[in-house]
2 protein chains.
Amino acid sequence: MTADIWDVVIVGAGLSGLSAAHLLTKRDAKLRILILEGKDRVGGRTVSFEIPAADGADRWDFGGQWVGSTQTHIMELIKELGLEVYPQFNVGKKVLHVGGPTSKVRSYRTSIPALSPLVLLDFTQMLWKFDRLCRTVSVQDPLRTPNAAELDSMTVHSYIEQHAWTEELKEQLGVCSRSVFGVEPSQMSFLFFLMYAAAAGGLLALLESSPGCAQEFKIKGGTQQLSECLAQRVGWKNVRLGSAVTAIWQSWSSVIVFQLNHKTYSALQVWSVVEPAFRSKIQYQPALPSMREFLTQNMPVGHMMKFILTYQTAFWKEKGFSGEIVAGSSTDCPFCVTFDATSPRGNPALVGFISGQQATLWSTREAGERRAAVLSSLVKYLGPEAASCIHYEEKDWAKEEFSGGCPVSVMAPGLLTFYHPSLRKPCGRIHWAGTETATLWCGYMSGAVQAGQRAALEVLAEV
Amino acid sequence: MTADIWDVVIVGAGLSGLSAAHLLTKRDAKLRILILEGKDRVGGRTVSFEIPAADGADRWDFGGQWVGSTQTHIMELIKELGLEVYPQFNVGKKVLHVGGPTSKVRSYRTSIPALSPLVLLDFTQMLWKFDRLCRTVSVQDPLRTPNAAELDSMTVHSYIEQHAWTEELKEQLGVCSRSVFGVEPSQMSFLFFLMYAAAAGGLLALLESSPGCAQEFKIKGGTQQLSECLAQRVGWKNVRLGSAVTAIWQSWSSVIVFQLNHKTYSALQVWSVVEPAFRSKIQYQPALPSMREFLTQNMPVGHMMKFILTYQTAFWKEKGFSGEIVAGSSTDCPFCVTFDATSPRGNPALVGFISGQQATLWSTREAGERRAAVLSSLVKYLGPEAASCIHYEEKDWAKEEFSGGCPVSVMAPGLLTFYHPSLRKPCGRIHWAGTETATLWCGYMSGAVQAGQRAALEVLAEV
């Protein structure tokens, strides 16, 4: 048992924890900062690696990948670290398939989907209702939202059932929920959904790849670089990988952090702890306030499987497709959305997501069966060339230890109403980071940076 | 690091784990069984201790306390262990207060509350609807329930909003949710609620103290005795208290259980593990199937504070009251229900619950303030004699380590639909007990016994 003394221990070397460490180091180079990470890598819910591609091999993001120009915290970090962004390719026909496995597959070029006049009207009135409600939401303190308790007592599903007129729109909203949150509309509080959209500037900002929206840019070389560059600046010697924290004990004079590392057990005396991990399996002494435990232990995390397919040629572009496919749960298609993922070096690729109820269903099947189903759907939507990929690679985030899911932990009904005040409130010397605690682009990489910086500022005020 | 060899390690010495151990021991006395418990006592969510009373001191239950004649598993265990039950006292006027802090406090003697004709009609039609739906629910496989996905996509709150006509009934249903589950109607799936009621034989069975209902009998000497007697039969030498399990690693040949015990770290080779703990902070290698993790880590646990007040005389009985008070959340009253809790030895007492949103609110206040508010409400409802108690003792289950809440973990919307198949399904050599996995009286002590015995039978089939 060691008893090293540190000023700040940061639990988790994701974007939020490392952003906290980076800001702390910049403000006070004398601070002794230790970052403990359970995984054998930095990056948390961002990870980039090489797979076979047209010119040999190339690197893709298998976790968080998009950033947008209104995401100021991440854009500033990208600039500071000297990284470059490039736009999401979205030129050409988009494919839409809803209304059952045998329904017509539609394609359209505008930003408005190819919908029947009735569905279009339904879509418009729903967007109007969502946006009107979004504007009433206080992201900082959602309980101040008019009618907050009622909005938080219903699921997104219940709101949709009450306000959408057409089955087709209901199915499309299911795709939105699955692709943005990794959960079904039935698993989420409607007030949480509104708060999340409001933190991004509105619902359309979450869904689109146009300027200012969530899917605007990607980062050359991959998003995991952000964490690697941050670890570099903070000093790799201060980052301990494969070092899961099992317990945090606070006394009047200090905090002791215990870790389970290769069957040994060490204790670290520290001044402050920044804990970005939601759903962590850490034992606290004294116990955390019950509101805090109820909140963080009851936030369902999304289930997303992300896949990348590499090709010799971007045949979809040649055929006038953008690569964007939206498929509803009533179809036989395992994925909810795909996009073009051609690399900056020009290696053609598609990226897609199996998410929510489809992830639950498809994660229990064999990998080969899943691959075959994805390819078969792509053939249906983009043509027979889709069958001949160079490589299919997938990542099931539910199987990722210390994450347990992706992209974000959402709130079930009632959680906001009763427990939200504890979301960002420090517990003694433990400060809370993590994108779930952000007020701008909550749930996104930008939110992770914002939250980490906010936690760092709290610690600086204390040290 | 030790490497003891055991046939079965049971995690948690609550009623479910000990029932499993008891059955295993009875069936095969040669089995080497070890029970690891994080707390410094057996009993899980049942605990009984002495407090000052009229004749000096007496023992009360501060966790689970009631059993009923239709709860066959617990009734058989009580008989086998040689314990005795006695009926919940319910003779006399009951008090009902809903409709705002200044509304009239009503009292009634029948099993039907003193309601206006309109509210009574509303109450009747809602009960009829609930019971009709309950009869369609398959407890064993709730996904076979007609319209299952829709019923699981809404909160209990949403169903009530759609089907109850009067504010008064809505408020009373809030009391039901709080007193039975420790959560608000907004925090629970409607299908889960129906399944839970169906497992008890209907909604009224959950609410009443009449024969066959959940609040029919109490156990002389307290419910913690059940676990103590079971530990005695299994052998106290096999029960290790203060021994929290931190990790369970499975290989093809065995299971290794790690525990964090007084800063040492030991490993135990075992054949099977019975794990009754929901929401446990255990690290698994390999990771549990994602459906299992999503289910158990996302079940909100109730928040209940239980209090016992002892008196010199049972003044409420002398005044014709039964001791039963029902108070809605619109009143200023901190508790939702009270009952008579006079001990078998005749020491007068009242028992009550601060639960759900009221627990969230009141748990942040000082203990003295809470006590004063409870007494002030009792004075309002039962008379000035209520102010002069001998002793006020309370237990906040949210603060109990390794429980985190009480009485039960419920399911938020969408959990049943997507993850229910993993509720009882063993993961390799790990078998799941706990009252949450019961099919009869799920959430009750009887369910804990049923679930423990079922897990034991699974293990016997394997060993």
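In this talk, a residue is called buried when its relative accessible area is under 20%. With that cut-off in place, A:Val245 counts as buried, because its relative accessibility is 7%. Please keep in mind throughout that the structure before you is a predicted model.

Let me stay with A:Val245 for a moment. This residue belongs to strand E11 of chain A, residues 244-250. Which residues is A:Val245 in contact with, leaving aside its neighbours within four places in sequence? From chain A they are A:Val11, A:Leu36, A:Val257, A:Phe258, A:Gln259 and A:Ile282, and from chain B there is B:Gln283. An unreviewed UniProt entry places the feature "binding site" at A:Val245, together with A:Ser16 and A:Glu436. A:Glu436 sits in the loop between strand E20 (430-432) and helix H15 (445-462) of chain A. Its relative accessibility is 3%, so A:Glu436 counts as buried.

I turn now to the domains of chain A. The assignment gives domain 1 as 4-43 + 223-300 + 410-460, domain 2 as 85-90 + 215-219 + 302-399, and domain 3 as 117-205. Taken over C-alpha atoms, the centres of domain 1 and domain 2 of chain A are separated by 33 Å.

The unreviewed UniProt entry also carries the annotation "transmembrane region" for residues 6-24 and 188-207 of chain A. In the model, residues 6-24 of chain A are 53% helix and 32% strand, with end C-alpha atoms 13 Å apart. Residues 188-207 of chain A are 75% helix and 0% strand, and there the end C-alpha atoms are 17 Å apart.

Next, strand E15 of chain A, residues 304-310. Why is this strand described as largely enclosed by the rest of the structure? The reason is that seven of its seven residues are buried. In a regular strand, side chains alternate between the two faces of the sheet. In E15(A), both faces are covered. On one side, A:Met304, A:Lys306, A:Ile308 and A:Thr310 are buried, and on the other A:Met305, A:Phe307 and A:Leu309 are buried. E15(A) runs antiparallel to strand E18 of chain A, residues 349-355, and seven bridges join the two. Within that pairing, A:Lys306 stands opposite A:Phe353. E15(A) is also antiparallel to strand E19 of chain A, residues 391-396, through six bridges. Here A:Ile308 has A:Glu393 as its bridge partner.

One loop residue of chain A deserves a word. A:Gln215 lies between helix H8 (203-207) and strand E9 (217-219). Is A:Gln215 buried or exposed? With a relative accessible area of 10%, A:Gln215 is buried. Beyond its neighbours within four places in sequence, its contacts include A:Trp66, A:Val67, A:Gln88 and A:Phe339. A:Gln215 and A:Ser69 are 146 residues apart in sequence, yet their C-alpha atoms are 9.9 Å apart in space.

We now move to chain B. Seven of its strands form an open sheet with mixed pairing, in the order E8-E7-E16-E17-E18-E15-E19. The edges are strand E8 (106-108) and strand E19 (391-396) of chain B, each of which pairs on one side only. On average, neighbouring strands of this sheet are turned by 20° against each other, direction ignored. Within the sheet, E17 (residues 337-340) and E18 (residues 349-355) of chain B pair in the antiparallel sense over four bridges. B:Val337 has B:Phe353 of E18(B) as its bridge partner. Helix H13 of chain B, residues 367-382, lies across E7, E15, E16, E17, E18 and E19 of chain B, and runs at about 120° to E16(B).

Strand E11 of chain B, residues 244-250, is largely enclosed by the rest of the structure, because five of its seven residues are buried. It pairs with strand E14 of chain B, residues 283-285, in the parallel sense over three bridges. In that pair, B:Trp249 has B:Gln285 as its bridge partner.

I close with helix H6 of chain B, residues 167-181. It has 15 residues and reaches 21 Å from its first C-alpha to its last, close to the 21 Å expected at 1.5 Å a residue. Because 12 of its 15 residues are buried, H6(B) is largely enclosed by the rest of the structure. Among the buried residues are B:Leu169, B:Leu173, B:Val180 and B:Phe181. Just after H6(B), B:Gly182 takes a positive phi of about 75°.

Notes:
Residues are numbered from 1 along each chain as its sequence is written. Chains are lettered from A and ligands numbered from 1 in the order in which they are written. This is a predicted model: local features need pLDDT of at least 70, side-chain atom pairs count only at pLDDT 80 or more; totals for chains, interfaces and linings use all residues. Side-chain values use heavy atoms; hydrogens and water are left out. Two strands pair if DSSP finds at least two bridges between them. Axes are lines fitted to C-alpha atoms, for helices over the stretch in contact, and angles run from 0 to 180 degrees between N-to-C directions. Contact means heavy atoms within 4.5 Å. Domain bounds come from an automatic or database domain assignment. Buried means under 20% relative accessible area, exposed over 50%, partly exposed in between (1.4 Å probe, protein chains only). UniProt positions are given in the numbering used here, feature names are shortened, and annotations may be inferred rather than shown by experiment. The expected span of a helix is 1.5 Å times one less than its number of residues.
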